[in-house]
Amino acid sequence: MCIGLFVFAGFAFVQTRTFTVANGNNLFIYLIPIIAMAGYFGSKFVSQNLIRNLPKNEPLAKKLQRYQIATIVKYALLEGPAFLALGIYYLDGNALYLVVGFSLMIYLFFQRPALEKLKSELPLSLEDEKEFDTLNR
């Protein structure tokens with residue numbers, strides 16, 4: 001996901017080759033940061049709610065499936081505004097959009113899946129942890 005964003009950002013930069021300063025007459029000056037913030041906070045809110053609502057007594061496979069859905073939704077809510085910001089940069093050349101796109105890209109990169117992160121976020125019972133450890137080996 002990050003590679004696609006990075007390639008698109010590189011393409012947009014090579015094609016545009018300009019950095020303009022904010023123009024108050026452009027609606028996107030206000031819209032892109034609002035959409036980026038909505039994507040950031042929305043990704044955190046939705047993924048935390050999806051994970052928090054997992055019953056502790058569900059089987060591990062079901063928990064992992066729901067965790068996967070939560071992370072895909074989180075990534076989509078981050079990637080969409082990043083692509084939008086980079087696309088508007090490609091059309092307008094305003095550096096603000098490139099910065100917003102790169103900021104979301106960097107955050108998306110640090111949201112990558114990790115074993116310890118999964119263990120800390122999922123409500124795992126002792127049986128689930130043992131089963132998870134045997135699957136992980």
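Start by selecting helix 4: helix 1 (2–16), helix 2 (28–52) and helix 3 (60–92) are among the elements that cover its buried residues. Covering here is a matter of contact, meaning heavy atoms within 4.5 Å. Buried means under 20% relative accessible area, exposed means over 50%, and partly exposed lies in between, using a 1.4 Å probe and protein chains only. Helices are DSSP runs of H or I with at least four residues, numbered from the N terminus.

Before you go on, please keep in mind that this is a predicted model, in which local features need pLDDT of at least 70 and side-chain atom pairs count only at pLDDT 80 or more, while totals for chains, interfaces and linings use all residues. Residues are numbered from 1 along each chain as its sequence is written, and side-chain values use heavy atoms, with hydrogens and water left out.

**Stop 1: along helix 4**

Select residues 95–110. These 16 residues make up helix 4, and the distance from the first C-alpha to the last is 23 Å, close to the 22 Å expected at 1.5 Å a residue. That expected span is 1.5 Å times one less than the number of residues.

Now show side chains. Which residues of helix 4 are buried? They are Tyr 97, Leu 98, Val 100, Gly 101, Leu 104, Met 105, Tyr 107 and Leu 108.

Next, pick Asn 94, which caps the N-terminal end of helix 4. One of the side-chain oxygens of Asn 94 lies 3.0 Å from the backbone nitrogen of Leu 96.

**Stop 2: the nonpolar patch**

Select Phe 6, Phe 102, Ile 106, Phe 109 and Phe 110 together. They form a nonpolar patch on the surface, with about 530 Å² of accessible area between them. Helix 4 gives the largest share of this patch, four residues. Patches are built from residues with over 30% relative accessible area and no salt bridge; like charges are joined within 9 Å, and nonpolar side chains (Val, Leu, Ile, Met, Phe, Trp, Tyr) within 5 Å. The areas come from the Shrake-Rupley method with a 1.4 Å probe, and for residues only the protein chains shown count as cover.

Zoom in on Phe 110, which belongs to helix 4. Phe 110 counts as exposed because its relative accessibility is 55%.

**Stop 3**

Step on to Gln 111, in the loop between helix 4 and helix 5. Is this residue buried or exposed? Gln 111 counts as buried, because its relative accessibility is 11%. Its side chain makes a polar contact with the side chain of Lys 74, at 3.1 Å. A polar contact is a pair of N or O atoms within 3.5 Å; within protein, one must be able to donate a hydrogen and the other to accept it, and residues adjacent in sequence count only if both atoms are side-chain atoms. Setting aside neighbours within four places in sequence, Gln 111 is in contact with Lys 74, Tyr 75, Leu 78 and Lys 117.

Ala 114 sits in the loop between helix 4 and helix 5 (115–121). Ala 114 is partly exposed, with a relative accessible area of 39%.

**Stop 4: Pro 55 and its surroundings**

Jump to Pro 55, in the loop between helix 2 and helix 3. At 31% relative accessibility, Pro 55 counts as partly exposed. Neighbours within four places aside, Pro 55 is in contact with Lys 63 and Arg 66.

**Stop 5: the salt bridges**

How many salt bridges does a search of the whole structure find? It finds three. A salt bridge is a side-chain nitrogen of Lys or Arg within 4 Å of a carboxyl oxygen of Asp or Glu.

- Arg 66 pairs with Glu 58, with the closest N and O atoms 3.8 Å apart. Arg 66 counts as partly exposed at 26% relative accessibility, whereas Glu 58 counts as buried at 17%.
- Lys 63 and Asp 128 meet through their side chains at 2.5 Å, N to O. This pair links distant parts of the chain, with Lys 63 in helix 3 and Asp 128 in helix 6 (residues 126–136), 65 residues apart. Both Lys 63 and Asp 128 are buried.
- Asp 133 pairs with Lys 119, the closest N and O atoms being 2.8 Å apart. Here Asp 133 in helix 6 is linked to Lys 119 in helix 5, 14 residues apart.

**Last stop: Arg 17**

Finish at Arg 17, in the loop between helix 1 and helix 2. Its phi is near 55°, a positive value in a residue other than glycine. Arg 17 counts as exposed, at 64% relative accessibility.

Technical notes:
Helix = DSSP H or I, 4+ residues; strand = E, 2+ residues; numbered from the N terminus.
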